Amino acid sequence: MSWWQSMVCYEVHPRAFADSDGDGVGDLPGLTARLEHLGDLGADAVWVTPFYPSPLADGGYDIADYTGVAPDLGTAADVDRLTARAHRLGLKLIIDLVPNHTSDQHPWFQAALAAGPGSAERERYLFRPGRGRDGELPPNDWRSAFGGPAWTRVDADGEWYCHLHAPEQPDLNWRDPRVREAFDGVLRHWLDRGVDGFRVDVAHALFKAEGLPDAGPDQHADPLRNHLMPYYDQEELHPLYREWRALLDTHPAPPGAVEPKDRVMVAESAVFDPGRLSRYIRPDEMHQAFNFAFLEAPWRAGELRRVIEESFAVPGSPVTWLLSSHDAVRPPTRLGSLARARAAALLMLALPGSAYLYQGEELGLPQAEVAVERIRDPLWERSGHTERGRDGARVPLPWSGGEPPYGFSTAPAEAAWLPQPADWAGLSVAAQLHDPDSTLALYREALRLRRAHPAPDPAAPPTWLSAPGDAHLAFHRGELTCVVNLGPEPLRLAGLGLTGHLVLSSGPLDGDALPADTALWLVRA
């Protein structure tokens, strides 16, 4: 069994994790200095979101140099120190690969603008003439995932370029062999620096349908239809990912890194049809794909059970679980309470497969309310000020102290990357560290028990003890039994036929009853 099949991977958004130099921005040295927190938590790997040079039109996912390091985050030597420190602590290092688009400040795009229509430089991107008598209309009806048209016109010559996200993120043309060759070099560069894997951003979006046909109404309104869009889930993706997999499996590993066959490639693929999603994780393609259906499932037993069962529908496929990310509303806010978030954590960590945690999840952080004047997310402007965006999940971590910046930085609170709430003192790492009832203590103990009682087969579904119509979920996973009460009334345990001794619960029990929005773990002898 490979390490990644049952790993716990901790996601770090570096500008919001820890600041080492007092400028108010988290950085790579800050992350390196705080890596013990991940080791003590019980994580197996750390995934670091983009640290490349970027104008920050989209939180670093608009990249101007794929092999560089943003000056405010550190240097190439800092990446090496981070990699070495992670490996000494037994942590694997996974980094972001963002192949769908570049920054509009990338040298390729600047050259394309300068070269003009019909040039080889523009072939690296999706430039097209507009529709209408004077080309005043976009080439088709595609909409950006961030709101508004997916096309921006170049005033100098009237051509339009495609961007499925912000205008500052022009989409690459993956049918241009130079693009393919360049990213082959990017992968080799970071493998030579010792990284153990890649998370591939919007892995379902690189190729667009030939002829760029219209997509029709209600784009991005129903994620279940994503695979039907002409800009998503095209067949040409899979030969590309087979090439990348072959590269990961054979490119020599430097000292300290995992062996080539043990590397991991994770698809951020927002394809919700199980059969379509399963193609990304065939044996010679990606190793894993994020389980967005689980992330977005409502707090209802029937819906969660359906998602769990569908997640195991493809025999032998590795399964992933996540409750939060830098793009999602934090669990206590999304699910409606901290009690539910704690119960959901025990549910997720009991399931066979891999689990992804997002920084601050282990502290029970709620979604922060970011003042309008401090919002950085392009969703705010692109939506016409109707969607506040994802900044509330990207507020810097509270490490210690009674007021902002809570040990995140030595800079004044107002200089922090994003403003921290004034009432987070009790949620800091220091405040929770020695509290046995804290969310941090819950996560630490859950990860310890998960490691002590591993799933016999991380790709095999759990054995259900509850019926499909029950308001609770109960299942065995090897020696471990998990029960989650999602109903409004206490759940009497005596009649469930459970065996084993109680080792963990997300909240206090009520005698022999499991209160609403509470989960427990039993271990059978």
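Author: On a 1 Å grid over the protein atoms alone, a pocket is an open set of points where a 1.4 Å probe fits, with protein on both sides within 12 Å along at least five of seven lines; lining residues have an atom within 4 Å of a point. This is a predicted model, where local features need pLDDT of at least 70 and side-chain atom pairs pLDDT 80 or more, while totals for chains, interfaces and linings use all residues. Numbering runs from 1 along each chain as its sequence is written, and side-chain values use heavy atoms, without hydrogens and water.

Reader: Which residues lie nearest the centre of the second largest pocket?

Author: F272, L277, N291, A293 and S311 do, out of 29 lining residues. Helices are DSSP runs (H or I, at least four residues), numbered from the N terminus. The largest share of this pocket's lining, five residues, belongs to α9; α7 (274-278), α8 (292-295) and α9 (301-311) each give at least two.

Reader: How are α5 and α6 packed?

Author: Two packed helices are described by the angle between their axes and the distance between the axes. Axes are lines fitted to C-alpha atoms over the stretch in contact, and angles run from 0 to 180 degrees between N-to-C directions. Here α5 (residues 177-192) and α6 (residues 237-250) meet at about 30°, with axes 11 Å apart. Therefore α5 is roughly parallel to α6 (angles under 35 degrees).

Reader: Which residues make the contact?

Author: With contact meaning heavy atoms within 4.5 Å, α5 uses R180, F183, D184, L187, R188 and L191, and α6 uses P239, L240, E243, W244, L247 and L248.

Definitions and conventions:
Angles under 35 degrees count as roughly parallel, over 145 as roughly antiparallel, 65 to 115 as roughly perpendicular and the rest as oblique.
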